[in-house]
Amino acid sequence: MNASTEPPAVTAAVEAEEVAKAAVDQAADQQEADPSRSAVRSLLRLWPFVKPVRARLFTAAFIAIIASCTGLLVPVVLKWIVDGPVADRDTAGVWLGGGLLLAVGVAEALLFGLRRWLVARPLAGVEASMRAQLYERLQRLPVSFHDRWASGQLLSRGTTDLQLLRLFLAFPMTFLLVNGVTILVGCGILLALDWGLGLLLLLPVVPLIVLCSLFEGKYAVQARLAQDQVGDLTTVVEESVLGVRIIKGFGRHRSQARAFRDLANRLRGTELRKARLLAGIWALIMTLPELALGAALLLGTVQVADGELSAGTLVAFLSTALALRWPIDSIGFLLAMSNEAATATDRFYEVLDAPVAPDTLPAKSGAARGTDDPSEQAATRQQSEQKTSGQERTEQEPSGQQQSEQQPSEHKPTEREGGDGLRLEGVIFRFADAPESAPPVLDGVDLRIRPGETMALVGATGSGKTTLTALVPRLHELSGGRILLDGTDVATLPGAELRRRVAVAFEEPTLFSASVRENVAMGAGADADGQVSDEDVWRALRVAQADGFVSALPQGVETQVGEQGQSLSGGQRQRLALARAVVGKPRFLVLDDPLSALDVHTEARVEAALREVLSTTTALVVAHRPSTVLLADRVALLSGGRVTAVGTHHELLRDNAEYRHLMSGAPEQAPSEPELRGAR
Ligand SMILES: Nc1ncnc2c1ncn2[C@@H]1O[C@H](COP(=O)(O)OP(=O)(O)OP(=O)(O)O)[C@@H](O)[C@H]1O
C-alpha cells in the first residue's frame, strides 16, 4: 500500500486514467525489436514442445510434399496428351489422359486431407502444454516480477501469442518446407523441359531473395510492436473492467475511452504499416515471376513457331510454371506469419526465462543475511543495536522502555516447547526498481516475537509495514539480514514447509471465483487439498465471525463468491480472508490490518475469537487503530526503516510521542515520514 494523502477513491480514479495514459506512452516508447535477431533461432526454441509430436509432424510434412509434387505430374500428363493422343486424334487416349488427370487431382486432395488430420490433434496438445508451462511459471515467479509486468502483457502472451504459434506449426512451418521443395522440384522439371526457358524463368530468384530478407527485418520490428501493443490494450481493457465502479463513479468514462482510442489507433497504425510492408513484398513476389513468365511465353511461342520446340513441351512448361505460382506467391505471407511466430516465441520465452527465486537459499554467513556463527550473530546484533535507539534488545537484557516487558500485559504469551518464535535480525529491504539515491524501505529491523506472542506493528503510512509482513512468507527476498522462524532462516526453508508454518491475510482481501469453502480451504496449503474437513472450515469461519453471514448465503459454504468476491461486502471479504489465514492452524500468523473494513462491534467479536487462536500462535499484526493494537501483547513502532520502540500499548502511549500521535490522530509534533527518512 503506497503512501497517499488523497482520499483513496479519488486517487484510484486518477490512477485508472493515468494507467491508461501510461500504457499509451509505453506503447510509444516500446522497445524496438532487434532487427538483427534471427527468426530461425527464435523458432528453434519451440523444439522442446514440438519434440513429443515430431513423428506426426514430420510424417504430415512428408505427405504434404508428396501431395504438392503429385500436383506437378499434371503438366507431364498434359504434355503427353498434347503431343500424343491430341496430335494423333486418338479419342481413347484423350479419355485416358483425362482419367489420369482426375486421379492425380483426387490423390492430391486426399493426401492434403490426411496431412491435416495428422497435425490437428497433436498441435492442440503443443499449445496446451505451452500454456500450462507459462501458467506454472507465472505462479512461481516472484512478486517483484508481477509488480513490474502489466497483466495484459502476460494475458496476451498466454492467449494471442500461443494461438499464433499453433497456427505457425500447423501451416507456415509445413508449407515453407513443402513449397520450398515444390519450387525446387518444379524448377528441375522446367530446366529438364527446356533449360533455356527454365533459366529465363529463374532470373527473378536472386533479387527476390534479397528483397525477402530486407522485408523480414522490417516486418519483425512492426510485428513485435503490434504484439506488445495488443498486450497494452489488453491491460487497459482489464483495468477498465475491474475499475468500472471508480470510472463510472467519477465520470471518467470519456477520458478512459479517449486513452483507449489512442492506444487502439496506435495499434491500427502499426497494423497498417505491417499491411503496407506485406503488400509491397507480395506485389514484387507476384510481379517479377509474372514478367519472367511473360518473357518465357513469348520466347517459347516463337520457338514453337520455328519448330524448335514441341507444342506439348510449351504447354507442359507453362502449366508447370503456373503450378508454381501458388508456392511462390505464398512465400510473402508465410514469411510474415513465421516472423510473427518468432516474435511470439521471443515474448513467450521472456516470461519463461525470467529468473525464479530458488525454493531455498543457502544460509549466508555474515551480516548481509545473518549467520549461524554465534560470535558473528552477536556482532551483527551489536551493530544493529547501535543503530537502533530505544529498540528491543533481548529478552534477557531489558532496558529503558523494554523494562516494561516485565510488567503484566493484557495477554500472557504462551511459550512453546522448543520454539524460538519469530526473529528479525538486521533486516534490510530495498525495492529493485527504487531509485539508487532512495534509502532502503527497511534499514536494519531487529525484532523478536516470542512463541505464542502477538506483536502489533505500528507506523506512519508508507513506513514499510506491509513490506515487512511480505518478507516473512518470502513474497519478497531480503536485501540483507535474516528472518528466523523457531530458529530456522526462512531463506533455507522449502517453500511448502514455509507455507505450512506461516499464514497471511492482507488488508486488501483477494478471493477467487470459487465457493466460500474452496476460498477458505486454500489456506490449509496445497498438500492438504481435499483434506480440510467441514469442521475446520466452520471453526475458521467462526474465528473470523463469518459463520453468520456465510450460513445466510443461498448455498452456505458452497456459494460461489464471484470474480474477486465482488458479490460480498468489503468486510465480508476481509473475514473470509482471515478465515483462510487461520484454517490451517499455522504456527505463525502474519496479518496486515485484516480488520480495517469491519465496524467496531464486529471487530471486537473477531478479536475476542482471534485471541483464542493467537494464544497458541506467534503473530505479527499490522495495526492502524487502537482497537486492533489492543489485540496484541506488545507493540513495535516502525519508523525511519527501523523498529524504534517496543512495549505494551499503554507504555508506548505514555513514553513515545510518535506512537501517541499515530494512535490519537492528534495534531502533535511527531516527525513526518519524509523527515524521518531524511534524518537517516
Ligand atoms: N513495488 C514497489 N516498488 C517500489 N516501492 C514500493 C513498492 N511497494 C511499496 N513501495 C514503497 O515502499 C514504502 C513502504 O510501503 P508499504 O506499503 O510497506 O507501507 P505501509 O507502512 O504498509 O503503508 P500503509 O500504512 O499506508 O499501508 C512506500 O514508500 C511505498 O511507496
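View 1. Q545 counts as buried because 24 other C-beta atoms lie within 10 Å, where buried requires 20 or more other C-beta atoms within 10 Å of a residue's own, exposed 12 or fewer, and partly exposed a count in between, with C-beta atoms placed from the backbone. The model shown is a predicted one, in which local features need pLDDT of at least 70 and side-chain atom pairs count only at pLDDT 80 or more, whereas totals for chains, interfaces and linings use all residues. Residues are numbered from 1 along each chain as its sequence is written. Q545 lies in the loop between α21 (534-543) and α22 (547-551), helices being DSSP runs of H or I with at least four residues and strands runs of E with at least two, numbered from the N terminus. The phi of Q545 is near 55°, a positive value in a residue other than glycine. Most residues other than glycine have a negative phi.

View 2. K585 sits in the loop between α23 (570-582) and β7, and its phi is near 45°, a positive value in a residue that is not glycine. With 15 other C-beta atoms within 10 Å, K585 is partly exposed.

View 3. V502 stands opposite F588 in β7.

**View 4. The open sheet β2-β1-β4-β5.** In this order, 4 strands form an open sheet with antiparallel pairing. β2 (442-449) and β5 (488-489) stand at the edges, each with a single partner strand, so one side of each is left without a neighbour in the sheet. Strand β4 (residues 480-485) pairs with β5 in the antiparallel sense over 2 bridges, and L485 stands opposite T488 in β5.

**View 5. The hairpin of β9 and β10.** Strand β9 (residues 634-639) and β10 run antiparallel and are joined by 5 bridges, with L638 opposite V643 in β10. The two strands form a hairpin with 2 residues between them, and G640 in the turn has a positive phi of about 60°. Strand β10 (residues 642-647) is mostly covered, 6 of its 6 residues being buried.

**View 6. The crossing of helices α11 and α16.** The axes of helix α11 (residues 205-242) and helix α16 (residues 331-352) come within 9 Å and cross at roughly 45°, the axes being lines fitted to C-alpha atoms, for helices over the stretch in contact, and the angles running from 0 to 180 degrees between N-to-C directions. That makes α11 oblique to α16, given that angles under 35 degrees count as roughly parallel, over 145 as roughly antiparallel, 65 to 115 as roughly perpendicular and the rest as oblique. Among the residues making the contact are F215 and Y219 of α11 and L335 and N339 of α16, contact meaning C-beta atoms, placed from the backbone, within 7 Å.

**View 7. G300 in helix α13.** G300 is found in helix α13 (residues 253-305) and counts as buried, with 24 C-beta neighbours inside 10 Å. Leaving aside neighbours within four places in sequence, G300 is in contact with L197, L309, L314 and F317.

Notes. Two strands pair if DSSP finds at least two bridges between them. Two residues are in contact if their C-beta atoms, placed from the backbone, lie within 7 Å.
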